[in-house]
Amino acid sequence: MTESDRIVVLNQPAHGVPASEYAAELRSRLPSYHVKLPRTEGETRETIGTARVVTGMHMDEELLARADDLALFAGGSAGVGHLPLDAFRERGVAVTNASGVHGPNIAEQVIGWLLGFARRLDEGWRREREHTWQHFRGGEFQGSTVTVVGMGAIGEAVVERLAGFSVETIGARYSPEKGGPTDEVVGFTDREAFQGALSRSEYVVVAAPLTDETRGLVGDGELSAMPTEAVLVNVGRGPIVDTEALVDAIRGNKLGGAALDVTDPEPLPADHPLWEFDNVRITPHNAGSTPKYWERLADILTENVERIDDGQSDDLRNQVVVPGGE
């Protein structure tokens, strides 16, 4: 073991789970590496100078400038928009993300919401709280059409879990020519095709990342195209859905309901009208929470460290920056 075999785990928790658990997972998988978890800013600045790999939720340019031996920054989140990617590229540092880590748990939350709306479980829970033994009419999820916007790891995990429910699925993605695991695929930049898919869907699940193309993707036109009994689920990013248009649609009974793990703005202010609707479910950007988070992230990093050892630093799992690339 040498100092150049140092992996620095930044002391940044994920969903309330301490980074010490991540460090422990890495030590068990990479016993020949020196895994460090600095606790203070001073320790971090000192330790990072000889790190070959740094992993965490975020890393700024000031800290990057101290990492003279850095070969890889392993990001702990799926999104990388908050990272100084150009600075990593200029320094010849590979960057990876955590795509796929959230797939199973976020997909389970989506399925829970879909079934809850279909079977009107919220009404059952309301009557339970009020000790009211009174029947109500439930619906069926079977036979409905679900459009999943975004065919990345989360979108595909949702579609995989829909397979046993006898529903029709439509995938909406930036590059429809890539196809997907759904019964049909449309391009969401083709407004006519996209709105046409929404018009045939009882449920629409947004599971796309926030990009220039997806910002405001679901606005007044898209919400108006959806059937009045349709339900919108957003586990992507808040600004993908036009919040004002969504409030108007819910308030005007133009939509059956919504389930939101992400909002715009976020956090959602306590006096925001979205809190007041009986047919809107909200969780505080919590769908990504899972006890398997650090375990899955450690699996990705372990695989990539082995690839770097084999001289494959330009062919890493979940790679978003290639050293020397564009």
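Reader: Hello! Which residues line the largest cavity?

Author: Good place to start. This is a predicted model, and in it the lining of the largest cavity is made up of N234, G238, V241, T243, L246, L260, V262, T263, D264 and L274. By class, that lining holds 5 nonpolar, 4 polar and 1 charged residues.

Reader: What volume does the largest cavity have, and how many cavities of 30 Å³ or more does a search of the whole structure find?

Author: The volume comes to about 60 Å³. The search turns up 1 cavity of 30 Å³ or more.

Reader: Thanks! Now the domains: where does the assignment place domain 1 and domain 2?

Author: Domain 1 is given in two stretches, 6-100 and 290-321, while domain 2 covers 102-282. Between their C-alpha centres there are 33 Å.

Reader: How should I read the size of the interface between them?

Author: The general idea is that interface size is often expressed as the accessible area lost when the parts come together. Here, domain 1 and domain 2 bury about 520 Å² between them, with 52% of it on carbon and sulfur atoms. On the domain 1 side, G100, T290 and R296 supply 59% of the area buried against domain 2, more than any other three residues.

Reader: How many residues are in contact, and what kinds does domain 1 bring?

Author: In domain 1, 8 residues are in contact with 5 residues of domain 2. The touching side of domain 1 has 3 nonpolar, 4 polar and 1 charged residues.

Technical notes
Residues numbered from 1 in each chain as written. Predicted model: local features only at pLDDT ≥ 70, side-chain atom pairs only at ≥ 80, totals over all residues. Heavy atoms only, no water. Domains from an automatic or database assignment. Contact = heavy atoms within 4.5 Å. Buried area = accessible area lost by both parts, 1.4 Å probe. Nonpolar A, V, L, I, M, F, W, Y, C, P; charged D, E, K, R; others polar. 1 Å grid on protein atoms, 1.4 Å probe; cavity = no way out; pocket = protein on both sides within 12 Å on 5 of 7 lines; lining within 4 Å. Points joined across faces, edges and corners; volume = space filled by probe spheres on them.
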